[in-house]
Amino acid sequence: MEDELLIYGSYGYTGALVARNAVNEGLSPTLAGRDAERVEEQAMELGCDHRVFSLAHPEVVEKHVEDASAVLNCAGPFSNTADPLISACLRAGTDYLDINGEIDALETVAERDRDAEQADVSLLPSMGFDTVPTDCLAGHLERRLPSATRLVLAIDGLGTFSPGTVKSIIEGLARPGAVRADGEIRTVPAAWKTRRVDFGRGAKTAVTIPWGDVSTGYYTTGIPNIEVYATVPEYAVTAMRRTRVLSPLFGAKPVQRAAKRVADAVVSGPTAEQRAQSVTRIWGRVENDDGRHVSARLRTPDTYELTAQTAVEAARRTLAGEVEPGFQTPASAFGPDFVLDFEGVEREDVEEKTTVTS
Ligand SMILES: NC(=O)c1ccc[n+]([C@@H]2O[C@H](COP(=O)([O-])OP(=O)(O)OC[C@H]3O[C@@H](n4cnc5c(N)ncnc54)[C@H](OP(=O)(O)O)[C@@H]3O)[C@@H](O)[C@H]2O)c1
């Protein structure tokens, strides 16, 4: 029998939220991952079918994904998991979605656009908080100023992190920051630029971060210059700049392994109560070469709650045949207003001043 939706990495912190939400939304996902005990226990609890397989052997992965109409990958870091699952999906003719926010891994997916079109397969990475709201805001701003050549996004309130997010950040520590300049992804130092941004309650300090929109924003809007910022306390700006010299150290495999073991042991992710109270604010602005600019703000519920909702809704629409084959961003697949379909999300167009201080 054909599995409608296969959720891979379903028992991780975010995968579990996604799997539960899929069941609540009336889907019958097959749960999957490489740890038999954890998948079986979760499948029993949610009343779902399950499959146990690692991503080590391409023929095994293909055998499992060919029975599904779509795979939703929640197993990150995606630098390790996206490629084997996408390769199997392309061979099997299965649509692929994930919650990837890693710039390099997103660029690797974008490179498979032609292969996906030829295989009649849709590839939808970044269907979580990173990058659904920011990508939709970028699409909305570009729609208001189609001549825009510069996109700036900023995020306030990223809050408490899950173990997987911390591990992705640990991998990221080995790499510098990134922006897009003249259409190309350019590496820049961590916390390269600082900016004062008004998210609606007074200006806050934000620094450049290597967020997924540096990749996806270009494919959604065609805008060749993209910077993404996040708010941090002033002391953290100093700390981030000091750790630039430590970047090569973080790249060493033993250091990475040790840091990830610590993350697994001490990070449990935000509790349901913390998620319920958490709010995230996003600000975006596009400018054209004549100096015209437009800005807008978005308010969203907790990042993990929103991820569970957007990923499942993206999967539901993909299963319903609403998505074109090839590589898709959230806004290219579902339009810039997609994010407004979720409870607690509000958007407003604004006029405001910001200052770049370095
Ligand atoms: N886009 C977004 O907004 C968004 C939101 C939330 C999370 N994320 C990302 O999603 C990822 C997962 O986060 P999380 O909080 O759920 O992490 P987590 O609790 O550590 O769970 C990670 C899951 O991925 C699996 N996994 C990791 N590497 C694997 C590999 N090489 N092969 C097979 N399975 C593998 C793990 O299985 P094992 O236990 O067997 O290793 C586990 O099921 C992270 O990369 C995080 O940054 C993105």
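**Close-up views of a predicted protein–ligand model**

**View 1. The whole chain.** Among contacts (heavy atoms within 4.5 Å) in the protein chain with a separation of 6 or more, 73% join residues 24 or more positions apart. What you're looking at is a predicted model, where local features need pLDDT of at least 70 and side-chain atom pairs count only at pLDDT 80 or more, while totals for chains, interfaces and linings use all residues. Residues are numbered from 1 along each chain as its sequence is written, and side-chain values use heavy atoms, with hydrogens and water left out. The chain has 15 helices and 17 strands; these are DSSP runs numbered from the N terminus, with helices being H or I of at least four residues and strands E of at least two. Of its 358 residues, 55% are buried, meaning under 20% relative accessible area with a 1.4 Å probe, protein chains only. Its accessible surface (Shrake-Rupley method, 1.4 Å probe) is about 15600 Å², and carbon and sulfur atoms own 48% of that.

**View 2. Strand β14 and its partners.** Zoom in on β14, residues 293-301, where seven of the nine residues are buried. On one side of the pairing list is β13 (residues 279-287), antiparallel to β14 over nine bridges; strands count as paired if DSSP finds at least two bridges between them. Look for T280, which stands opposite T300 in β14. Five residues sit between β13 and β14 in this hairpin, and G291 in the turn has a positive phi of about 90°. Strand β16 (residues 346-350) also pairs with β14, antiparallel over five bridges. There, R347 in β16 is the bridge partner of L298.

View 3. Y11 puts a polar side-chain atom 2.6 Å from a ligand oxygen atom. G12 uses a backbone N or O atom instead, 3.5 Å from an oxygen atom of the ligand. For I99, a polar backbone atom is 2.7 Å from a nitrogen atom of the ligand. On its own the ligand has 910 Å² of accessible area, and the protein covers 86% of it.

**View 4. The shell around the ligand.** Which elements give two or more residues to this shell? They are α1 (13-24), α4 (78-92), α8 (163-173) and α14 (303-319), with α8 giving the largest share, five residues. There are 29 residues around the ligand (a heavy atom within 4 Å), and Y11, R34, I99, D130 and S162 come nearest.

Key: Buried < 20%, exposed > 50% of the residue type's maximum accessible area, 1.4 Å probe, protein only. Polar contact = N/O pair within 3.5 Å; in protein donor to acceptor, adjacent residues only side chain to side chain.
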